[in-house]
Amino acid sequence: MEQVSLRARTGRVPGTRASRRLRREGQVPAVVYGHGMDPISIAVDARELYAALHTEAGLNALINLDVDGQEILTMARVVERHPFRSEYRHVDFQKVSLSETVTTEVPIHFEGEPVGVREGGVLSPARTSVMIEALVTQIPSHIEVDINDLELGGVLRVADLPQIEGVTYHEDPEEVVISVTAPVAEEVEEAPEAEEGEEAEAAVSAEPEAEEAAEEGEEASGEE
């Protein structure tokens, strides 16, 4: 996997006010830790960070952090984004080793059009990513899944994902990834004519009862 370089500025003062000042200057507050090293508060350029995290590897990119002239191989493990704007608020960089495996999330790319969809079914993805374990140099940018042969009522599970050398799936093998389901039948509303017919029938059935009540009333008044 390709490695990217990113310069880090040390001496960052922790705190909300100081972090706001850094963001106004085009910097992103961050911290680097791992492998027994003491956490270091740093700041990185927002544009350089964006470029580092938008390679083919995405958030799983290997990033060489230049910290006061010392290169530290890291991965961005916790990335906090602004809720409305496309900007980073804070990043946790974890020091990693080329000889150790890590557990991380990788996107799933579905390729093709299932047979079941062509027969009128509905494609229902249950998840778009999967947790894996691999050496940092063997983390795939994505898992490509061919779904052309998925029939109506068919289900693809984690156990059906392609086997990749050096990659172990860290999920329940029976977990559903994607399926093709039958379309839900729409409810047919009753025609207005039927409702009117029911009302007319109720009215007709009520007429004899009304006539009987009227006759009883006349007989009672005659007796008086």
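Arg17, Arg20, Arg21 and Arg24 form a positive surface patch. Patch members have over 30% relative accessible area and no salt bridge, with like charges joined within 9 Å. Lys and Arg count as positive, Asp and Glu as negative, while His and the chain ends are not counted. Each charge is placed at NZ of Lys, CZ of Arg, CG of Asp or CD of Glu. Arg24 sits in helix α1, residues 16–24. Arg24 counts as exposed because its relative accessibility is 65%. The cut-offs are under 20% relative accessible area for buried, over 50% for exposed, and partly exposed in between, with a 1.4 Å probe and protein chains only.

This is a predicted model: local features need pLDDT of at least 70, side-chain atom pairs count only at pLDDT 80 or more, and totals for chains, interfaces and linings use all residues. Residues are numbered from 1 along each chain as its sequence is written, and side-chain values use heavy atoms, with hydrogens and water left out.

### The chain as a whole

The chain has four helices and 13 strands. These are DSSP runs numbered from the N terminus: helices are H or I with at least four residues, strands are E with at least two. Of the 224 residues, 32% count as buried. The chain exposes about 14,300 Å². Carbon and sulfur atoms supply 46% of that area. Accessible areas come from the Shrake-Rupley method with a 1.4 Å probe, and for residues only the protein chains shown count as cover.

Contacts can also be sorted by sequence distance. Among contacts between residues at least 6 apart in sequence, 64% join residues at least 24 apart. A contact means heavy atoms within 4.5 Å.

### Salt bridges

Side chains of opposite charge can pair when their charged atoms come close. The structure holds seven salt bridges. A salt bridge here is a side-chain nitrogen of Lys or Arg within 4 Å of a carboxyl oxygen of Asp or Glu.

The Arg127–Glu175 pair links distant parts of the chain, 48 residues apart. Arg127 is in the loop between β8 (122–125) and β9 (129–135). Glu175 is in the loop between β12 (168–169) and β13 (176–181). Elsewhere, shared partners join Arg85, Glu87 and Arg89 into one salt-bridge network.

### Strand β13 and what follows

Ser179 lies in strand β13. Ser179 is buried because its relative accessible area is 12%. Which residues is Ser179 in contact with, leaving aside its neighbours within four places in sequence? They are Val122, Leu123, Ser124, Leu150, Gly154 and Val155.

Val184 is in the loop between β13 and α4 (192–223). Val184 counts as exposed, with a relative accessible area of 77%. Val184 and Val122 are 62 residues apart in sequence. In space they are 9.2 Å apart, C-alpha to C-alpha.

### A negative patch

Glu111, Glu119, Glu144, Asp146, Asp149 and Glu151 form a negative surface patch. Asp146 belongs to strand β10, residues 143–146. At 56% relative accessible area, Asp146 is exposed.

### Positive phi in two loops

Most residues other than glycine have a negative phi. His35 has a positive phi of about 55° although it is not a glycine. His35 is in the loop between β2 (27–34) and β3 (37–45). His35 counts as partly exposed, at 45% relative accessibility.

Asp68 is not a glycine either, and has a positive phi of about 55°. Where is Asp68? Asp68 lies in the loop between β4 (62–67) and β5 (70–81). Asp68 counts as exposed because its relative accessibility is 62%.

Definitions and conventions:
Patches are made of residues with over 30% relative accessible area and no salt bridge: like charges are joined within 9 Å, nonpolar side chains (Val, Leu, Ile, Met, Phe, Trp, Tyr) within 5 Å.
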